[in-house]
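Please load the model in your viewer and keep the selection panel at hand.

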Amino acid sequence: MKNITVKEMIKSAKENLTELSPQQVEAHLTIQDVNIIDLRDTSELIENGIIPGSYHASRGHLEFFADPNCEYYKDFFNKEKNIILYCHSGARSALAAKTLQSMGYDKISHIKGGFKSWMKEVGIIVDYK
């Protein structure tokens, strides 16, 4: 078995992933059938803020929060809704999307370039509480 690099894993994850621009995500901020999920660590949210209306699920807890049969399940991981993921640069969210797809989620996308691109192109944030 060949060892693969994280760069190769991210590239593979993006092959079957819808990448949305920050402007496309901004248009979804008020749509009821969309849940935007921030995968960054809590310290990143406290320091930099979050996209308004987004939910927090750090990447390290993703599988536990997304499994409806797990005691840690979070109901914002609703398979009926469109889920838009983001992290700082788009790498963790691409990997998370691939994981969620393997768990049966098919309405998954992420912000191309992550929070960094959001700040450059849109810049609307709120403090994390």
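A residue counts as buried under 20% relative accessible area, as exposed over 50%, and as partly exposed in between. The model is predicted.

Methionine 9 belongs to helix H1, which covers residues 6-14.

**Second stop: H1 against H5.** Two packed helices are described by the angle between their axes and the distance between the axes. Display H1 together with helix H5, residues 91-102. Their axes come within 8 Å and cross at roughly 60°. The two helices are therefore oblique to each other. In handedness, the crossing of H1 past H5 is left-handed.

Move on to lysine 107, located in the loop that lies between H5 and strand E5 (108-111).

Side chains of opposite charge can pair when their charged atoms come close. How many salt bridges does the structure hold? There are five, and the following selections visit some of them, including these:

- Select lysine 2 and glutamate 8, whose side chains form a salt bridge with an N to O distance of 3.3 Å. Lysine 2 is exposed at 59% relative accessible area, whereas glutamate 8 is partly exposed at 35%.
- Select lysine 14 and glutamate 19; the salt bridge between their side chains has an N to O distance of 3.9 Å. Lysine 14 is partly exposed, with 32% relative accessibility, and glutamate 19 is partly exposed as well, with a relative accessible area of 28%.
- Select arginine 59 and glutamate 63, which form a salt bridge in which the closest N and O atoms are 3.4 Å apart. Arginine 59 has a relative accessible area of 21% and is partly exposed; glutamate 63, at 31% relative accessibility, is also partly exposed.

Key
Residues are numbered from 1 along each chain as its sequence is written. This is a predicted model: local features need pLDDT of at least 70, side-chain atom pairs count only at pLDDT 80 or more; totals for chains, interfaces and linings use all residues. Side-chain values use heavy atoms; hydrogens and water are left out. Helices (H or I, at least four residues) and strands (E, at least two) are DSSP runs, numbered from the N terminus. Axes are lines fitted to C-alpha atoms, for helices over the stretch in contact, and angles run from 0 to 180 degrees between N-to-C directions. Angles under 35 degrees count as roughly parallel, over 145 as roughly antiparallel, 65 to 115 as roughly perpendicular and the rest as oblique. A crossing is left-handed if the near helix is turned anticlockwise from the far one by less than a right angle, and right-handed if clockwise. A salt bridge is a side-chain nitrogen of Lys or Arg within 4 Å of a carboxyl oxygen of Asp or Glu. Buried means under 20% relative accessible area, exposed over 50%, partly exposed in between (1.4 Å probe, protein chains only).
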